[in-house]
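Reader: I'd like to go through this one label by label. Can you show me the model and tell me what stands behind each term?

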Amino acid sequence: MSLLVFGSTALDSIATPKKKNPRLLGGSGSHAAVAASFFAAPKLIGVVGTDFPRKYISLLERHRVNLKGLKVREGKTFHWAGEYEVNMNNRRTLSTELGVVEGYSPVLPAAHRKAKYVLLANNPPGAQEAIIEQLDKPKFIVADTMDLWMNVAMNDLCSLLRRVDMLVLNDSESRQLTGDDNVVSAMPKLHKLGPRYVIVKKGEHGSILSSRRGLFVAPAFPLAKVEDPTGAGDSFVGAMTGYLAKTGGPIDASIRRAILYGSVVASFCCEGFGLSRTTKTTRTEINQRLRALEKMTRV
Ligand code: AMP
């Protein structure tokens, strides 16, 4: 079934203790759309500046990402710079330059309005809700967010959460949103904000899904070496929503497998800078890793 992905399309400058890589293709929308593309052909909505390299457009197209909703505006592409500590978990944002994102409000091409599966990857919650306003009978809406929006746009975020089916956030964001340190006791508080499905991500320690069916605990794929975790969260949610869109049936029938696919695609993302490893990954490798993960967790 059709899948719409709204998110940032960025140039990322990433520094780890070992390497620095400037102006790579990044953004929540790019990572999520490429991850989703292993399962469905996503329609990406976003904006880039006239400086956005042509080679990145070609790369997204090669991954059957539909770019009819990617607007090119005069000016600079959104640029994010971040730096990792030695443990590769703690990250510091060095700068965020909005560029052409400033003053941009997303408009869906007519053909995109009927999308059944919708992923609102990390972006300002007001812009995420503007997408919902334009949809014609969506089946399942997933929203990702970040601490920044809890700090600067809490009212918009609360308004958005009343209209989405699933919220995906990490454990520190769950703490910030509910004031509850315990992920399990935070779940009912997160459901109360609106979403019927909540996934709390815990980085290398996996994720927990809460729904009417109770809890599902999913591992992350264990990696001996992490090159760059930027975009792992977006890859997780992108692959998961892509798989749900591909199967198209009742959510409860496929959500657990969708989450495991999310863990697997996120693990490939961590093995290279930016999108470099994800874009070289094949569906065969993904299936092999899924089988390995199932084997590692079977009792
Ligand atoms: P993750 O590592 O999954 O948290 O995602 C990192 C990606 O989010 C990077 O590619 C950034 O370009 C993008 N990003 C960082 N800050 C923002 C923001 N304020 N709004 C939208 N996307 C962002």
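Reader: What stands opposite Ile14 in β6?

Author: Gly82 does. This is a predicted model, by the way: local features need pLDDT of at least 70, side-chain atom pairs count only at pLDDT 80 or more, and totals for chains, interfaces and linings use all residues. Residues are numbered from 1 along each chain as its sequence is written, and side-chain values use heavy atoms, with hydrogens and water left out.

Reader: What makes β2 and β6 a pair?

Author: Two strands pair if DSSP finds at least two bridges between them. Here 5 bridges join β2 to β6 (residues 79–84), so they pair, and they run parallel. Strands are DSSP E runs of at least two residues, helices H or I runs of at least four, both numbered from the N terminus.

Reader: Why do β3 and β7 count as edges of the sheet?

Author: The open sheet has the order β3-β2-β6-β7, with mixed pairing. β3 (20–26) and β7 (91–97) each have a single partner strand, so one side of each is left without a neighbour in the sheet.

Reader: Why is Thr9 called buried?

Author: Buried means under 20% relative accessible area, exposed over 50%, and partly exposed in between (1.4 Å probe, protein chains only). Thr9 has 2%, so buried it is. Thr9 is found in the loop between β1 (3–6) and β2 (10–15).

Reader: What makes Glu129 and Arg163 a salt bridge?

Author: The term asks for a side-chain nitrogen of Lys or Arg within 4 Å of a carboxyl oxygen of Asp or Glu. The closest N and O atoms of Glu129 and Arg163 are 2.9 Å apart, so the pair qualifies. Glu129 lies in helix α3 (residues 125–133) and Arg163 in the loop between α5 (154–161) and β10 (166–170), so the bridge ties together parts that are 34 residues apart in sequence.

Reader: Is Arg163 buried, partly exposed or exposed?

Author: Partly exposed, because its relative accessible area is 33%. Glu129 counts as buried at 14%. Arg163 also meets Glu133 in a salt bridge (2.9 Å, N to O), and Glu133 is exposed at 53%.
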